[in-house]
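Here's a quick tour of a protein model for you to follow along with. Keep the viewer open and click through the residues as they come up.

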Amino acid sequence: MGIFDFIKKSFDSEPKEHEVSSREYGNWNDVPENRFEDWVSALEKNDNTETWDDVSYTKGNINLDDALQRREYVENCLQQMAEAAKALESLEQEYKDVTSHLRDLEEIQELPPEQRKELESQAAKVLDSQNQREAFMNRHTRMTEAEFERMDRFHKEVKSATKKLRDAEEYHKKIKNDLRRIDNEHQAYVYSKEELENTIVNTRRLMVVCTVTFGFVLVALFLMGQVLGLNVIYGYMVAVLLAAVCVTVLYSKNNSAQLELKTTNNTISRLIQLQNTVKIRYVNNKNLLDYMCLKYGVNDSDELDDLHDRFLQEREQREQFKATEKNLDSSQKQLMQLLRRLRINDPEIWIHQLSAIFKPEDAEKIRRDLVVQRQSLRKRMDYNRDVVAGGAKAEIELLAKEYPEYTNEILDMVSRYEEKYPMS
């Protein structure tokens with residue numbers, strides 16, 4: 001937070017803080033806006049963070065004969081002591097924890113060889129279970145959770161379902177082949193029917209043509225016999241013979257085509273009925289396939305078979321993981337019991353730093369970190385005890401000496417403070 005933000009926050013604080021700020025730094029409302037911004041900018045450029053740790057007490061701008069200012073000043077000192085007391089309480093507990101941890105580390109390092117070997121053996125079991133658990137958590141999963149839950153729900157019927165689905169797929173192929181064959185046969189008979197119908201029509205037309213032609217020939221022969229006086233008896237005989245042969249052939253072909261057309265129509269009718277029957281089987285079989293694929297979340301029997309195989313492997317791994325979790329929990333409990341038996345104060349911590357039991361370099365690194373932490377805590381404790389609380393206490397004592405007429409009032413405030421925040 002910059003200086004400007006800090007000053008802005010001071011303006012938003014409670015009225016008492018406003019009054020103290022006004023007395024110490026003057027009336028900021030009287031400063032022109034542009035000069036005020038220049039002053040804030042200058043403060044932000046002038047970084048004095050190195051001196052912020054120094055707590056200073058000044059009464060230069062405070063009228064201690066004024067009851068309100070005097071109480072505020074004493075309360076401010078007492079408040080600093082209260083904050084220091086709270087900080088010390090937290091720091092002392094943290095210091096005890098770090099010291100206890102450091103002592104536990106030394107206890108473990110100084111264990112006799114037999115106890116040290118027993119501890120390392122038990123820690124190795126915990127570490128092995130942790131590694132197995134981590135390997136499982138980081139593994140490449142074989143299937144999604146939804147797939148596993150679906151297979152777990154249907155795994156008892158999957159084998160029979162796979163066979164049923166495969167049989168349905170084979171039957172589906174056969175029905176499709178039958179439909180394709182029936183359809184081809186139906187198309188062939190339809191084409192044959194069209195040919196027969198054309199044959200019947202054409203033979204009828206040809207018989208009409210033959211009859212008309214025969215009539216023209218008879219008229220021509222009659223005219224030749226009457227006008228020219230020719231002997232046309234043989235002409236009549238030939239004409240009658242040709243006409244009889246043509247009509248007989250065409251009539252025979254027409255009757256044959258009609259009979260064959262009737263047979264073809266009957267065959268087409270039977271094919272349509274058979275096709276409808278096969279189509280019903282095809283639709284029912286396809287609905288069965290769609291339902292089974294939807295039920296098991298697959299596209300075909302091969303995928304269902306593969307999914308079931310992956311489910312069996314996944315289930316085995318999960319069972320192993322459950323056993324590992326159980327072993328890990330048991331091993332951790334046994335390790336903590338052993339550590340308690342070895343008079344280790346914080347056995348739970350060692351669950352998270354097992355390598356320090358095996359590796360001296362890890363133990364040494366932890367020891368150095370703990371020593372640095374304890375030194376930092378000691379420095380902060382000394383600061384709060386000596387600088388903050390001690391300085392505030394000395395300031396109050398000095399105030400009581402310099403203003404003996406207010407001693408009882410000051411002592412009464414201190415007494416109420418000590419009842420609320422007892423200091424050692």
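Ser301 sits in helix α9. A word on ground rules: this is a predicted model, where local features need pLDDT of at least 70, side-chain atom pairs count only at pLDDT 80 or more, and totals for chains, interfaces and linings use all residues. Residues are numbered from 1 along each chain as its sequence is written, and side-chain values use heavy atoms, with hydrogens and water left out.

Is Ser301 buried or exposed? Its relative accessible area is 2%, so Ser301 counts as buried (buried is under 20%, exposed over 50%, partly exposed in between, with a 1.4 Å probe and protein chains only). Leaving aside neighbours within four places in sequence, Ser301 is in contact with Thr162, Leu165, Arg166 and Glu169 (contact means heavy atoms within 4.5 Å). With Glu169, the side chain of Ser301 makes a polar contact of 2.6 Å (a pair of N or O atoms within 3.5 Å; within protein, one must be able to donate a hydrogen and the other to accept it, and residues adjacent in sequence count only if both atoms are side-chain atoms).

## The chain as a whole

The chain has 12 helices and zero strands (DSSP runs, H or I of at least four residues for helices and E of at least two for strands, numbered from the N terminus). Of its 424 residues, 29% are buried. Among contacts between residues at least 6 apart in sequence, 81% join residues at least 24 apart.

## Nonpolar cores and a patch

The largest nonpolar core has 28 residues, and Ile108, Leu119, Leu335, Leu339 and Trp350 touch the most other members (a core is a set of buried Ala, Val, Leu, Ile, Met, Phe, Trp, Tyr and Cys residues joined through side-chain atoms within 4.5 Å). Two or more residues each come from α4 (67–109), α5 (113–137), α9 (301–341), α10 (355–358) and α11 (360–402), with α4 giving the most, seven residues. Beyond four places in sequence, Trp350 is in contact with residues including His101, Asp104, Leu105, Ile108 and Leu339.

## Salt bridges

There are 18 salt bridges in the structure (a side-chain nitrogen of Lys or Arg within 4 Å of a carboxyl oxygen of Asp or Glu). Here are three of them.

| Pair | N to O distance |
|---|---|
| Arg310 and Glu147 | 4.0 Å |
| Lys286 and Asp290 | 3.3 Å |
| Glu364 and Arg367 | 2.7 Å |

What does the Arg310 and Glu147 pair tie together? Arg310 lies in helix α9 and Glu147 in helix α6 (residues 145–154), so the bridge links parts 163 residues apart in sequence. Lys286 and Asp290, by contrast, both lie in helix α8 (residues 233–296), four residues apart, about one turn of the helix. Glu364 and Arg367 are three residues apart in helix α11, again about one helical turn. Finally, Glu145, Glu314 and Arg318 are linked in a network of salt bridges.
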